[in-house]
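Q: Hi! I've just opened this one and would like to talk it through with you. Could you take my questions as they come?

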Amino acid sequence: QVQLVESGGGLVQSGGSLRLSCAASGSIFSIHVMGWYRQAPGNQRELVADIRSGGSSNYADSVKGRFTISRDTAKDTVYLQMNSLKPEDTAVYYCSVGGRYSRDSGFFTCWGQGTQVTLAS
């Protein structure tokens with residue numbers, strides 16, 4: 001079992017900043033990718049950014065230059081620093097972690113419960 005605990009969402013003014021955190025715990029042998037997705041009302045869930053075990057990261061075009069994903073491997077925690085927030089960034093943000101339970105197990109993908117980010121108009 002793997003548990004993800006997210007924090008850091010909230011209400012912020014346009015142009016402001018927020019930092020999301022997601023800590024993974026449980027039966028984890030290795031983590032291959034950690035990422036953030038978001039889903040706005042009426043929209044499909046979309047990738048915001050992810051970071052792989054080697055350190056490479058990937059961003060949605062809409063957040064490049066504004067958001068930064070980082071990872072603390074010792075704490076199995078991923079962060080999303082969001083700057084210059086815009087109204088269109090309003091969504092529920094979900095943490096996602098992919099890895100292995102053990103050396104011989106298959107891969108797992110685990111999702112957090114989601115944290116709301118709302119831009120005040």
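**Strands, rings and contacts**

Q: How many bridges pair strand E3 with strand E8?
A: Six bridges, and strand E3 (residues 18–26) and strand E8 (residues 77–82) pair in the antiparallel sense. Strands here are DSSP runs (E, at least two residues; helices are H or I, at least four), numbered from the N terminus. Two strands pair if DSSP finds at least two bridges between them.

Q: Before I go on, what should I know about the model?
A: It is a predicted model, where local features need pLDDT of at least 70 and side-chain atom pairs count only at pLDDT 80 or more, while totals for chains, interfaces and linings use all residues. Residues are numbered from 1 along each chain as its sequence is written, and side-chain values use heavy atoms, with hydrogens and water left out.

Q: Good. Back to E8: which residue is the bridge partner of cysteine 22?
A: That would be valine 78 in E8.

Q: And in what order do the four strands of the open sheet come?
A: The order is E1-E3-E8-E7, with antiparallel pairing. Strand E1 (2–7) and strand E7 (67–72) are the edge strands, each pairing on one side only.

Q: How many helices and strands are there in the protein chain?
A: The protein chain has zero helices and eleven strands. Its C-alpha trace spans about 50 × 25 × 25 Å along the principal axes.

Q: What share of the 121 residues counts as buried?
A: 43% of the residues of the protein chain do. Buried means under 20% relative accessible area, exposed over 50% and partly exposed in between, with a 1.4 Å probe and protein chains only.

Q: New topic: how do E4 and strand E5 pair, parallel or antiparallel?
A: Antiparallel, over six bridges, with E5 covering residues 46–52. Arginine 38 stands opposite glutamate 46 in E5. The two strands form a hairpin with six residues between them, and glycine 42 in the turn has a positive phi of about 80 degrees.

Q: Which glycine takes a positive phi in the hairpin of E5 and E6?
A: Glycine 55, with phi near 105 degrees; four residues lie between the strands there. E5 and strand E6 (residues 57–59) run antiparallel and are joined by three bridges. Aspartate 50 has asparagine 58 in E6 as its bridge partner.

Q: You mentioned arginine 38. What joins its side chain to that of aspartate 89?
A: A polar contact of 2.9 Å. The term covers a pair of N or O atoms within 3.5 Å; within protein, one must be able to donate a hydrogen and the other to accept it, and residues adjacent in sequence count only if both atoms are side-chain atoms.

Q: Where is the place of aspartate 89?
A: Aspartate 89 is in the loop between E8 and E9. It counts as buried, at 0% relative accessibility.

Q: OK, rings now. How many aromatic pairs are there by the rule?
A: Two. The rule takes rings of Phe, Tyr and Trp (its six-membered ring) whose centres lie within 6.5 Å; planes under 30 degrees apart count as stacked, over 60 as edge-to-face and the rest as tilted. Tyrosine 37 and tryptophan 111 are edge-to-face, 4.9 Å centre to centre with 65 degrees between the planes. Tyrosine 37 lies in strand E4 (residues 30–39) and tryptophan 111 in strand E10, so this pair ties together parts that are 74 residues apart in sequence.

Q: Is tryptophan 111 buried, partly exposed or exposed?
A: Partly exposed, with a relative accessible area of 37%; tyrosine 37 is partly exposed too, at 23%. As for the other pair, tyrosine 101 and phenylalanine 108 are stacked, 4.7 Å centre to centre and 25 degrees between the planes. Tyrosine 101 is partly exposed at 40%, whereas phenylalanine 108 is buried at 5%.

Q: What lies over the face of tryptophan 111?
A: Arginine 45, at 4.8 Å from the ring centre. The charged end of arginine 100 sits over the ring of phenylalanine 107, 4.1 Å from its centre. For this, NZ of Lys or CZ of Arg must be within 6 Å of the ring centre and within 35 degrees of the ring normal.

Q: Last one: which side chain has a polar atom 3.0 Å from the backbone nitrogen of tyrosine 101?
A: That of serine 105. Serine 105 is in the loop between strand E9 (91–100) and strand E10 (107–111), and is buried with a relative accessible area of 15%.
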